[in-house]
Amino acid sequence: MAEETINAASAGTWELGDLKVNRIGFGAMRLTANADGTPSDRQRATAVLRAALELGVNHLDTAAFYFSPLRSANELINRALSPYPEGLVITTKVGPGRDPSGEWWWATPGQLRGQVEENLRQLGRDHLDVVNLRLPRSAEHASLADRFGALSELRDAGLIRHLGISHVRAHHLAEATAIAPVVCVQNAYGVGAPAEERALLRACAEQGIAYVPFFAIAGAGREAGVPAGENAQVLAVARAHGVSPARVRLAWTLRQGPHVLAIPGTGDPGHLADNVAAGALRVTARDMALLDAVEPGGEGR
């Protein structure tokens, strides 16, 4: 049997505005700390980032608020990959902020420029490829117009190339697109996603907007990672193909539509290769029906 060739290109491509990316990307959140909260190993994080590019990943997701004691995701990306290769797209997020002690705060419209400039400084860029406006949970029914409008002005000034929104509802998407073009929506999504979120994913497809799920592997575990008890349907599909449950979850995610991009994060080189290999996993119609039947809240059972 021929050895499997793992490359992010196997998942296909999508265009974020005028920026073409492979649909399997990389999320930088887990680069900065180990599972126990201690700072990650710098050499290992650097190796993971460089290996990601060697595996064809050309879409990185990061943020200035991704940091732990001694480690910053943006700084790790800058030191590992600069000078950046042509075609590498770096997406970041603004809205949330953290002070040096790790305490969270949320930017006002007037503070967003400072967050954009901080990302530029840390990444060593003169502009940001894509900036997502991340909303807090408390803004579920609130307007984003003032903050998204402020980012639109920074886009017009040349500091940002494209805009996206994150942790949003359908009304936020309608509001944002009335202000400036939106190239992506970044929300929590995975096996067992609620009907409202599936409807938003379809709405993005209809408008030609990328849908970029986070926690596609972790599911209900969110920042803590994969729950201890894996879902029975996911396990059944994984066993049928002889692959990891994580690979099945990512393959299911990519099958949600050609506009869906995956950004799994890891600080482990082995997990990185397994995640990228999900783009080549051909789940069957029966597999999809089994996974689609997982009810909201049942992803960890």
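This is a predicted model: local features need pLDDT of at least 70, side-chain atom pairs count only at pLDDT 80 or more; totals for chains, interfaces and linings use all residues.
1. Let's start with H8, which covers residues 245-254. Nine of its ten residues are buried, so the rest of the structure largely encloses this helix. The buried set runs through Ala 246, Arg 247, Val 248, Arg 249, Leu 250, Ala 251, Trp 252, Thr 253 and Leu 254.

2. What do those buried residues of H8 pack against? Their partners are H6, H7, helix H9 (269-277) and helix H10 (285-292).

3. One of these partners, H7, spans residues 232-241. The axes of H7 and H8 lie 8 Å apart, at an angle of about 100°. Angles of 65 to 115 degrees count as roughly perpendicular, and H7 and H8 are therefore roughly perpendicular to each other.

4. Now for another pair: H5 (residues 170-177) and H6 (residues 195-207). Their axes come within 10 Å and cross at roughly 25°, which makes H5 roughly parallel to H6. As for handedness, H5 passes H6 in a right-handed crossing.

5. On the H5 side of that contact you'll find Ala 170, Leu 173 and Thr 177, meeting Leu 200, Cys 204 and Gln 207 of H6. By class, this contact splits into four nonpolar and two polar residues, with no charged ones.

Methods
Residues are numbered from 1 along each chain as its sequence is written. Side-chain values use heavy atoms; hydrogens and water are left out. Axes are lines fitted to C-alpha atoms, for helices over the stretch in contact, and angles run from 0 to 180 degrees between N-to-C directions. Helices (H or I, at least four residues) and strands (E, at least two) are DSSP runs, numbered from the N terminus. Angles under 35 degrees count as roughly parallel, over 145 as roughly antiparallel, 65 to 115 as roughly perpendicular and the rest as oblique. A crossing is left-handed if the near helix is turned anticlockwise from the far one by less than a right angle, and right-handed if clockwise. Contact means heavy atoms within 4.5 Å. Ala, Val, Leu, Ile, Met, Phe, Trp, Tyr, Cys and Pro count as nonpolar, Asp, Glu, Lys and Arg as charged, and the others, Gly among them, as polar. Buried means under 20% relative accessible area, exposed over 50%, partly exposed in between (1.4 Å probe, protein chains only).
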